[in-house]
Amino acid sequence: LMSKVTKAVMEWNMLEHGDRLLLGLSGGKDSLSLLHVLLALRRKLPTKFDLEVCTVDPMTPSFDPSPLIPYVKSLGLPYHYVRRDIVAHARDCGKDGGRVSSLCAFCARMKRGILYNTARERRCNKLVLAQHLDDLAESCLMSCLHNGLLRTMKAHYVVDAGDLAVIRPLAYCRESMTTEFATGAGMPVINENCPACFEEPKERERIKKLLSKEEGLYPNVYDNMRKAMLPLMHDDSEKIMHFYTEQVQARKRKEQGKGKKKNKLKKKSGLPSSNGIAKHEDVSATTLSGVPADTSAQRAPTNGAVAPSRQCNGVENHVSTSGAAKLSARAAEALQKCLEEATEEALVAELARRRARRYALGRQSGGEGENRGGEDVVKQGEGALCSIMGGCEIMP
C-alpha cells in the first residue's frame, strides 16, 4: 500500500514542501487507511507538510461518525467535525423547490462543498480524498457507457476557483489493499448505512460486479485500465478532448452549411448540381487551407515563393462567399488556372501564412467562443502550435 501511494505521489507531484493538507475522513476503510499512510509519509519523506482532518456528519440515524472524534484526537491531529442536516436540505433544494432527484448525488456535492469551505477557512491549499483505483475504473466505464465521454476522477487537479488543489494518493491502490490494511490494523471502521443509498439503483455496484467478473478471466484488467486511464487522470484531459470534439463538430457543421448554400444557389440560378460554379464556390470560400482569404496581411512567403493569392492577380480577393452566385465564367476559369499552375512550394507557403494569420487574429481577439470564417479562434493566453499539417492546435 505504501509503495503504490508513494508512486502516485511522486508521479503526480501531489506533495510539496510547506503544503497544508486537509483529509476528508468519512470513517470508511479507505479514508482511515489513507490517514495512516499520510502519517507514515510525513515521518519518512523529506518533504515537510501539515495535515488536518475533517469529517462531515449528515445527521442521519443510520450513520454516526462521532466515534472518530476521540480516535483522531488521540493521533494528535487538528480535527474538524462538521454537522449538517443534508437530508432536510434535500427536501426543498430540487427543481421548483421540490425534493432533489438523487439524494446520493446531492449529499456528495454538499459534503464536497463543506470540505472546500473548511479547507479555505483553515488556509489549507490541498484537499485529500480517498478514492482508489477501483473507483476510478468504475467511473471511467460509467462515463463511457452512460455519458459517451472518456473521463474519470483526476489524480491531481485545481478547482475552478484556483485557490485549492485536490489530490487522490490512492489512485494506484486496489480496494482490497485498504480492506486488508484496515482489518489487520483493527481500525474503527464506520460503515455507510444510509437507507437512501440502498433504495436507489446502484449502477456503480453493477459495474463493480462486471469488472470483478472480467478480472476473474483476465487478472491484469485493473492494471491495464490504470495504464489506459493515465491520460484521463490529468487535469487538462477534458479540455483537450473537448477541443478536438468541438473541432470535429465544427467541421461537420461547416460541411452541412456548404451543402445548404449550394442548394440555395442551384435553386436561385436554376443550374444543375454538376455546374462548375458550385465547385469554384468551394475554392473561393475556403481558399487553399480551409481559412478565409486574408487581404490585410501582405507579407511575402519565404524562399522566394510567390503566394498563390498574389499569383491570381486579385481574382481570389474579388470572389467572396456572399457573391459566389455572381461568379463569372472568366473569373472561375482564371482562378482554376491559378491553382493548377501554382507550385507546391508556393501552396505550402501560402497555407502556412494564412494559418499563422488565423492564430494572430485569435491572439488579438482575446475572447472565447468567437468564430471567424467558420473556424474556432484560439483563446488568448493558451499555448498554440501553428503547423502546416495540423492547423492551429491547442497544446497541453
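Visitor: Is T152 buried or exposed, and how do I read that from relative accessibility?

Guide: The general idea is a cut-off: buried means under 20% relative accessible area. In this predicted model, T152 has 9% relative accessibility, so T152 counts as buried.

Visitor: Where is the place of T152 in the fold?

Guide: Look at the flanking elements. T152 lies in the loop that runs between α6 (133-147) and β5 (156-158).

Visitor: Which residues is T152 in contact with, leaving aside neighbours within four places in sequence?

Guide: Contact means heavy atoms within 4.5 Å. With those neighbours set aside, T152 touches L136, S139, C140, M229, L232 and M233.

Visitor: Now D223. Which helix holds D223?

Guide: D223 sits in α10, the helix of residues 221-229.

Visitor: What separates the C-alpha atoms of D223 and A137?

Guide: Read sequence and space together. These two residues are 86 apart along the chain, and 10.0 Å separates their C-alpha atoms.

Visitor: What about the whole chain? How many helices and strands has the chain?

Guide: There are 16 helices and ten strands. Of the 396 residues, 39% are buried. Take contacts between residues at least 6 apart in sequence: 72% of them join residues at least 24 apart.

Definitions and conventions: Residues numbered from 1 in each chain as written. Predicted model: local features only at pLDDT ≥ 70, side-chain atom pairs only at ≥ 80, totals over all residues. Heavy atoms only, no water. Helix = DSSP H or I, 4+ residues; strand = E, 2+ residues; numbered from the N terminus. Buried < 20%, exposed > 50% of the residue type's maximum accessible area, 1.4 Å probe, protein only.
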